[in-house]
Amino acid sequence: MLVTFKYLAKDTPIQRLDPRAKFIFLLCFLFSVTQFWDLRLLLIFFGIAMGYYALAQLPFRETRRAWFFMVFFAVVLVGINTLFVRGGRRFETEHILFRLPLLSLPLTAEGVVFSAGMIARMLSIAIIALTISFTTNPQLYGVAFRRLGLPDHFAFAIDLALRFVPTLARDFSLTLDAQRARGYEVERLRGGPIAQIRKLAPLIVPVTIGAIVGGEDVVNALDLRCFGVTKRTWLHELRYTCWDKAVITLSLAMLAASTAVNLLGYGDFWLPTWVAAL
Amino acid sequence: MERRSLWAVGTREVVYMAIGAALYGVLSWIFNFLQIPGAANVAVRPPVVLPLFFGAVFGPWVGLFTGLVGNILGDLLSGYGFWIWWDIGNGLLGFFAAFALFSTKRNYALAELWAAIGIVIGMGLASLSEMWVSGATMQAVIIENFVPAAATDLVNGLILLPILLAAYMAVAGRTGR
């Protein structure tokens, strides 16, 4: 079983960014966009997200499965929910466009605009988050979180986890083959849901217990090398470039401006007059 | 068995954090994405037992890390990006499962109880965050997010946890660890 991360090594402006700058941008974007309900502002954030995504130059064939998931979640779950219940908001007047046949549910102008805003908000966040996984080298996660202030032990554990991924995927594949050789039929698990879950134990238990037993050797090897006695050094060093500093500054400015706009009372739900007139 | 503080983070905890997170990430990817035939239709998230197990056996930090980083790894392998509030929710499952103190008390019922508490708190907080992010109502997040996530995690986690704990105790007893 070949397990690979979705990272695509390319020379684009987003790929060249320091991972710390990308994480800071993601957090600032998340806390900025969630302060607003105004469709106009949410569309601006959606434009920023699409611009960021375009700069990463990700091929659609690599990201289409993620796009399907994002669009399904944003449109079907969030969009339809907010279309009819509008996030629990009560509007003084509601402009009914028409009623759904059979269910007699009213479709209102407020619902349509609110739903469009929430779809834009969800897609914006998802697009920025998606870009990180395709543009950040997994080898840099550990050192990036260390430099962001995570203690050495936890940052090293991230690094170590990434190294264990291919080994454990291979162990799972071997276990599956071994159980099949003993007559275990994963394709035909019989019984009710509970019985079927119990029958997955022959796959999960050997892999987990095998990994734990093997982990004792890693513990001993690290202890013999005096792990944790002094401050760690890292193979990969991260240095901010002027672009990274610019992205971090702009991210913080975006968050500060969004908070200021919100505190001044702007950014609440907005209904275009032409929609209300329909 | 060596008695350690519940909150200690030494070499052993670091290694089991890494193993737990890698296992959770890989198995989440396999079960959710490749969809093992026959298991996919009912066993929605069997790997959820891993943060519960690692939390119960190795402590709250290992459980938290296994759930949080493992969920991120699973999403990275699938190319889904970061859904930080669900990652934190998964971390909390393992964090609260640790309060059963299984490595000292060896009480399976207590382990199940704390695992259930962890699932309700973890999935509850992750679901509630959807109100903030996607503007959904409390009623909507309970029906659309909390109930499906918590119910499948409770069924999968509570069935598989005692099996894994029993297997671990057999190995730990044999090796004296």
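Start by selecting A:Phe68: this residue is exposed, with a relative accessible area of 61% (exposed is over 50%, buried is under 20% and partly exposed is in between, using a 1.4 Å probe and protein chains only). You're looking at a predicted model, where local features need pLDDT of at least 70, side-chain atom pairs count only at pLDDT 80 or more, and totals for chains, interfaces and linings use all residues. Residues are numbered from 1 along each chain as written, chains are lettered from A and ligands numbered from 1 in the order written, and side-chain values use heavy atoms, leaving out hydrogens and water.

Helices here are DSSP runs of H or I with at least four residues, strands are E runs of at least two, and both are numbered from the N terminus.

How are the rings of A:Phe68 and A:Phe72 arranged? Their centres are 6.3 Å apart and their planes at 25°, so the pair is stacked. Rings of Phe, Tyr and Trp (its six-membered ring) pair if their centres lie within 6.5 Å; planes under 30 degrees apart are stacked, over 60 edge-to-face, and the rest tilted.

Next, select A:Phe73 and B:Trp83. They make an edge-to-face pair, 6.0 Å centre to centre with 70° between the planes. This pair crosses between chains, from helix α4 of chain A to the loop between α3 (60-78) and α4 (84-97) of chain B. Both A:Phe73 and B:Trp83 are buried.

Last stop: one aromatic cluster whose members include A:Phe154, B:Trp7 and B:Trp114.
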